[in-house]
Amino acid sequence: MRHAVQTAVLSFMVLSVTGCGTVVNGIYQDLAITSNPGGAQVSVDGISSGTTPVVIPVTRKHGHVVKVEHDGYQPIEASVVPQTSIWEWGNVIFAWLPGLAVDAWTGGMYELSYDRVNAVFPAQSDRTVNTSHRTSVK
């Protein structure tokens with residue numbers, strides 16, 4: 001009987017510090033960043049994160065700004081924002097307020113609006129080039 005009570009108490013303690021979103025989603029989400037042409041410099045939230053193609057784990061709890069830069073092109077920026085995960089319904093349906101609180105605290109209750117960013121730079125032929133030609137006559 002004592003063993004059963006200890007098991008029940010331990011189970012309650014473990015379950016009370018988890019939420020559906022945290023268990024299923026985790027607190028990080030991979031963000032795949034590609035570009036055309038490839039080899040562009042990537043920064044996430046102002047921190048250099050490599051060159052395309054690259055996969056970067058980012059927190060689910062906060063929004064992120066992705067900046068992709070390639071020599072000779074204007075930089076491209078994209079915002080990735082958190083949205084409530086469908087797994088939060090598990091906490092709502094089962095009235096699991098501790099789980100909801102844990103998910104909110106860890107960010108597990110969110111999924112990012114995008115899991116991929118593809119920066120497409122305009123083709124060189126689409127760019128306008130200004131030229132001038134001078135002739136002199138004597």
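**Strands, sheet and core of a predicted model**

Strand 5 and strand 6 (residues 76-80) are paired in the antiparallel sense over five bridges. Strands, here and below, are DSSP runs of E with at least two residues, and helices are DSSP runs of H or I with at least four residues, both numbered from the N terminus. Two strands are said to pair if DSSP finds at least two bridges between them. The model is predicted, so local features need pLDDT of at least 70 and side-chain atom pairs count only at pLDDT 80 or more, whereas totals for chains, interfaces and linings use all residues. Residues are numbered from 1 along each chain as its sequence is written, and side-chain values use heavy atoms, with hydrogens and water left out.

Within this pair of strands, H64 has V80 in strand 6 as its bridge partner. The two strands form a hairpin with six residues between them, and G72 in the turn has a positive phi of about 85 degrees. Strand 5 also pairs with strand 2, in the antiparallel sense and over four bridges; there V42 has V68 of strand 5 as its bridge partner. The covered face of strand 5 consists of H64, V66 and V68, while V65, K67 and E69 make up the uncovered face.

The protein as a whole contains four helices and nine strands. Along the sequence their pattern is α-α-β-β-β-β-β-β-β-α-α-β-β. Of its 138 residues, 27% count as buried, a term that stands for under 20% relative accessible area, with exposed meaning over 50% and partly exposed the range in between (1.4 Å probe, protein chains only). The protein exposes about 9,600 Å², of which carbon and sulfur atoms supply 60%; accessible areas come from the Shrake-Rupley method with a 1.4 Å probe, and for residues only the protein chains shown count as cover. Among contacts (heavy atoms within 4.5 Å) between residues at least 6 apart in sequence, 67% join residues at least 24 apart.

A further element is an open sheet of three strands in the order 4-1-9, with mixed pairing. Strand 4 (54-59) and strand 9 (116-120) lie at the edges and have a single partner strand each, so one side of each is left without a neighbour in the sheet. From one strand to the next, the twist averages 25 degrees, with axes taken as lines fitted to C-alpha atoms (for helices over the stretch in contact) and angles running from 0 to 180 degrees between N-to-C directions. Strand 1 and strand 4 pair in the antiparallel sense over six bridges, and P57 in strand 4 is the bridge partner of D30. Strand 1 (residues 28-36) pairs with strand 9 in the parallel sense over five bridges. In strand 9, N118 is the bridge partner of T34, and V117 stands opposite I33.

In soluble globular proteins, nonpolar side chains tend to be buried together. A nonpolar core is defined as a set of buried Ala, Val, Leu, Ile, Met, Phe, Trp, Tyr and Cys residues joined through side-chain atoms within 4.5 Å. The largest such core here has 16 residues, and L31, I33, V42, V44, I56, V66 and V68 are those with the most contacts inside it. At least two core residues are supplied by each of strand 1, strand 2 (41-44), strand 4, strand 5 (64-69) and strand 9. Strand 4 gives the largest share, three residues. Not counting residues up to four places away in sequence, I33 touches V42, V44, T52, P53, V54, I56, V66, V68 and V117.

Two further buried residues deserve attention. A119 belongs to strand 9 and counts as buried at 2% relative accessibility. Its neighbours within four places in sequence aside, A119 is in contact with T34, S35, N36, V68 and I76. The C-alpha atoms of A119 and V68 are separated by 6.8 Å, although these residues are 51 residues apart along the chain.

R60 is located in the loop between strand 4 and strand 5 and is buried, with a relative accessible area of 8%. The R60 side chain reaches the backbone oxygen of Y28 at 3.2 Å and makes a polar contact with the side chain of Q29 (2.9 Å). A polar contact is a pair of N or O atoms within 3.5 Å; within protein, one must be able to donate a hydrogen and the other to accept it, and residues adjacent in sequence count only if both atoms are side-chain atoms.
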